[in-house]
Amino acid sequence: MMEVRLHLLGEITAYAGTEPVNLGPPLQRSVFAALAVDAPRVVPVDELISRAWGDRAPQRVRATLYSYLSRLRNSLAPAGPDALIDRRSGGYALLVAPESLDVHRFRALTARARAAAAVADAAALYEQALGLWRGTPFSGCDTPWFDAQRHGLLHERTSAELDRNDCLLRSGRHGEIVARLAVSVEEQLLDERLAGQYLLALYRCGRAADALDHYRRVALRLAEELGTDPGPELRRLHHGILKDDPDLRSPVNTTGTAPDHGTDHGTDHGTGTGTGTGTGTGTDECAEPPPRPRQIPRDIPLFVGRADVLAALDDLLAPTSGTEPPAPVVVLHGAAGMGKSALAVHAATRWSDRFPDGQLYVNLHGATPRITPLAPADVLGSFLRALGTPSGDIPQDAEERAALFRSRTAGLRLLTVLDDAADATQVRTLLPGAGTSAVLVTSRRRLTTLDGATHLLVGPLDATASRTMLEHLVGDSRLIVDPSGTGRLAELCEHMPLGLKIAASRLQARTSWPVSHLVQRLTDEQRRLTELSVDDLAVRGSLHVSHASLVASESPAERTAGRALVLLGTLGLPRVELHAAAALLGSTTDDTDDVLGELLDLHLVEEPHPGRYEMHDLVRLYAQERAHTELDRAHGDRALHRVLTYFLGAARRACALLYPQRVHYVGPDVPAPDAAVPTVDAVLTGPGPARAWLDQEWANMVALVRQCLPDRPALARPAAALALSLHWFLSHAGHGGAHLDVASRAVDAVGLLDDPRARADAHGSYGNALTVVGRWDDAIHHHTLELELSERVKDSFSQQRALGNLGANHYMADRPDDAIHYLERQLALARATGTVVTERYALTLLGLVYHRVGRIDEGLRMVTRAANWYAADGDHARSAEVLETLAQMHLSQGDLPKALVVFERALTQARSGANRRTEAYSLIGIARVLRLQDHLAQAYSYIQRAMELTEGEHHARYREAVLAELAAFREHSVATGPGHDEDEPPE
């Protein structure tokens with residue numbers, strides 16, 4: 001037969017022989033425990049569901065239950081007939097021998113102890129029973145039924161401990177338990193029976209003063225919390241200690257029968273008369289050994305990554321020489337879920353041998369839900385007792401405790417781990433005295449005001465560590481056979497250890513899921529936080545603790561930061577610069593910087609560059625959820641209106657500086673926001689800063705337009721105006737896809753307004769975006785609407801612009817006669833009104849069309865005149881476009897030297913005018929001319945530069961042109977063979 005062992009008194013585990021049984025994910029373990037408690041009796045199905053799920057049972061809970069039972073049967077199969085899950089009438093039973101279960105063994109041993117004839121035998125049986133406990137019963141099970149079972153078992157353990165203590169006291173073994181009792185009484189200060197045992201043990205160890213001091217503490221606490229005095233038994237014991245009663249010195253029943261362990265645990269302190277002979281006063285057995293606390297929690301089985309932080313810790317925690325070297329204080333700070341505590345425990349375990357005087361550990365509960373952070377005075381009391389300080393010697397005053405702690409730790413080589421600190425104030429008084437001790441602090445806050453500390457950021461894991469962690473936790477081949485899916489899964493979890501752990505748990509629970517299935521579920525941003533939740537682990541909950549600490553803070557600044565996070569959720573952008581954030585909050589930049597500093601301190605935002613803030617995707621999704629819950633639509637619209645107004649003003653100024661010769665689209669009138677917004681006029685001082693600002697912010701502005709149109713109709717005017725203000729930048733900078741999207745949204749938004757001028761602007765911008773991507777007939781449709789609306793409002797310039805756009809699209813659609821019709825109308829109207837901008841544009845395109853239809857000299861003269869005109873006015877962007885057109889005309893005539901010169905001029909002008917589109921076409925043109933001249937190495941170098949310029953999704957159309965020239969280049973190289981150029985490029 002194979003020995004089967006089932007453990008419920010702590011973590012739920014099972015063993016078949018020496019091999020652990022895989023009990024599956026937490027809920028499956030709950031089902032197993034619910035069966036095991038009553039083994040081998042039958043548990044009805046409805047009762048099983050109630051025990052395991054409580055009131056949180058899903059809709060198809062029976063199917064899930066049957067699936068769990070099937071998996072448990074398979075897991076228990078190696079045990080054969082010694083552990084079976086059997087279907088019986090009305091329910092299920094776990095068929096195991098009662099002695100296989102630690103709960104049954106515990107109860108059997110305590111029953112034998114109470115029936116034992118000799119005290120020594122009873123004490124040994126109690127010790128054996130209590131040794132079965134490995135932690136809190138049913139660890140990980142959280143339902144009302146398990147809570148009730150857990151409460152009952154904990155009460156049974158307390159009773160067994162008290163009975164065991166009585167036996168040891170009656171056996172004269174008070175010296176063995178005094179230290180254990182010192183810990184127990186701190187946890188259960190109001191338990192009078194336990195207090196009596198501790199008083200008696202202290203007294204018999206010659207520590208009557210400590211016993212009397214502890215009695216005073218108990219009496220004071222009873223009076224403060226319950227309004228009562230100690231009971232008669234405890235008072236009699238106190239009186240006996242005061243009188244130095246000789247009967248108290250002698251333990252009783254050292255060889256006789258065991259005491260009567262009845263149900264009244266509040267009276268018997270083992271003080272009755274008997275035949276014992278021990279004196280117990282000042283003997284060696286009562287002398288406590290030099291304390292060497294070892295309080296560090298158990299390290300996790302597999303620790304991955306963090307090589308850089310561990311290397312830094314290795315140096316910081318290294319043994320030092322000298323009489324009084326500075327004691328290192330290291331703060332491991334980082335966002336929620338980054339594994340700071342695991343890192344601290346791992347480091348403390350790894351280098352524990354460097355600290356021979358002990359390791360102290362405390363969870364300060366700085367970010368624990370529903371638990372108040374520990375008071376430093378309470379922590380100091382616990383630390384001092386762990387270092388062997390009698391309770392009576394520990395002062396009540398917090399400052400005096402801190403001074404005593406520094407005195408007791410001075411000169412020691414001690415490591416203290418302060419886990420989950422709330423703030424620097426909580427930590428400061430817990431630092432040890434001068435010497436070679438070290439302190440590791442973990443916190444979600446940066447704790448920058450902690451003097452002399454070294455701060456190490458604990459960020460996301462790297463890709464390799466994330467993959468290793470997932471593979472280890474899931475434990476099967478699904479991740480190994482799908483490396484790309486595993487990489488994407490880690491990215492969606494943002495390489496956050498908490499997220500990775502939850503994702504692995506989901507895969508463990510759903511063994512039929514391939515990695516790609518979970519990736520697909522996590523890709524949906526609306527559900528990602530919900531998916532990253534299993535049992536008591538949840539990314540959302542972890543982030544909520546940080547946010548809630550701000551909202552509930554006594555500090556007005558922190559409460560404001562809590563509201564700011566919600567408003568950032570309304571904005572929904574992963575990155576935001578200071579001025580935009582100030583507009584969002586309706587505040588000044590200085591005040592906003594202070595508010596964001598609070599979020600920065602908790603790692604809810606990061607600041608990769610001065611004045612630019614970022615939120616990780618999971619934080620952003622949490623903030624969006626809070627915004628949806630806490631902000632009404634009108635409040636959110638007002639905040640976004642301020643941001644749109646800020647961006648609109650900045651974008652108009654930047655584009656005016658960068659494209660001064662352009663006539664910019666205006667769009668609809670925009671009402672003023674409810675509060676003043678900041679400006680960046682001091683930053684936007686010329687074309688260079690304007691280009692830098694637009695390169696940095698265009699994606700945010702496009703994202704904001706997409707967010708507001710069409711879903712927020714109240715913001716149609718400012719959002720459409722912002723989209724149109726970006727027209728020339730998006731067009732010239734090569735962001736054709738974004739231009740097409742926002743211009744289309746602007747057309748729909750202004751279409752609902754009684755504003756024909758704004759509608760004309762929107763159709764014009766959208767038509768130009770369609771032209772850039774080659775949808776000429778669609779562009780003609782919108783430019784026709786632009787022309788009709790402009791004629792309705794008698795806007796001469798808009799009419800000319802629409803005529804020019806129509807001419808350009810007909811030309812590109814290979815309808816030169818139609819193109820000439822519109823362009824000649826444009827040229828005539830421009831000359832009649834003296835409009836230089838449209839006259840130059842008409843000359844350029846009309847010259848190109850004339851060239852196409854054979855009016856070559858006339859066309860060249862017109863385009864050359866336009867090019868010189870643009871250059872003279874300093875319009876670099878448009879000059880580049882016209883020069884590139886002129887170069888193409890020369891190229892089509894076979895005049896390669898002239899084409900090359902003009903292409904090079906166009907390239908220079910394009911770079912000066914920030915016209916990336918024309919820059920790309922000029923590079924391609926130069927490469928083509930050089931190829932035709934058989935200068936292959938030079939040609940290839942220009943192709944390479946064009947390839948670099950057109951990388952990315954925003955330049956797909958230009959990329960196609962580059963690839964076409966590259967293909968022609970290779971074909972030419974093969975046809976001409978080697979020898980034409982000494983630097984032949986590779987294939």
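Author: Axes here are lines fitted to C-alpha atoms, for helices over the stretch in contact, and angles run from 0 to 180 degrees between N-to-C directions. The model discussed is predicted.

Reader: How do the axes of α31 and α32 run relative to each other, roughly parallel or roughly antiparallel?

Author: Helix α31 covers residues 736-750 and helix α32 covers residues 756-772. Their axes come within 8 Å and cross at roughly 155°. Angles over 145 degrees count as roughly antiparallel. The two helices, α31 and α32, are therefore roughly antiparallel.

Reader: Is the crossing of α31 and α32 left-handed or right-handed, and how many nonpolar residues does their contact have?

Author: The crossing in which α31 passes α32 is left-handed. The α31 side of the contact includes L740, A743 and V747, and the α32 side includes A762, Y766 and L770. By class, the contact has four polar residues, one charged residue and, for the number asked, 10 nonpolar residues.

Reader: Are α18 and α20 roughly parallel or roughly antiparallel?

Author: Helix α18 (residues 483-492) packs against helix α20 (residues 515-523) with the axes 9 Å apart. The angle between them is about 30°, and angles under 35 degrees count as roughly parallel. The relation of α18 to α20 is therefore roughly parallel.

Reader: Which residues of α20 meet α18, and how does the contact divide by class?

Author: From α18, the residues G485, T486, R488, L489 and L492 take part. Their partners in α20 are V515, L518, V519, L522 and T523. By class, the residues of this contact divide into six nonpolar, three polar and one charged.

Reader: What is the relation between the axes of α1 and α3?

Author: The axes of α1 and helix α3 (residues 61-76) are 10 Å apart, and the packing angle is about 75°. Angles from 65 to 115 degrees count as roughly perpendicular. The axes of α1 and α3 are therefore roughly perpendicular.

Reader: What is the end-to-end reach of α27, and which residue caps its N-terminal end?

Author: Helix α27 spans residues 633-658, 26 residues in total. At 1.5 Å a residue 38 Å is expected, and the reach from the first C-alpha to the last is close to that, at 36 Å. At the N-terminal end, a side-chain oxygen lies 3.2 Å from the backbone nitrogen of A634, and the residue that supplies this oxygen is D632.

Note on methods:
Residues numbered from 1 in each chain as written. Predicted model: local features only at pLDDT ≥ 70, side-chain atom pairs only at ≥ 80, totals over all residues. Heavy atoms only, no water. Helix = DSSP H or I, 4+ residues; strand = E, 2+ residues; numbered from the N terminus. Expected span 1.5 Å × (residues − 1). Polar contact = N/O pair within 3.5 Å; in protein donor to acceptor, adjacent residues only side chain to side chain. Left-handed = near helix turned anticlockwise from the far one by under 90°. Contact = heavy atoms within 4.5 Å. Nonpolar A, V, L, I, M, F, W, Y, C, P; charged D, E, K, R; others polar.
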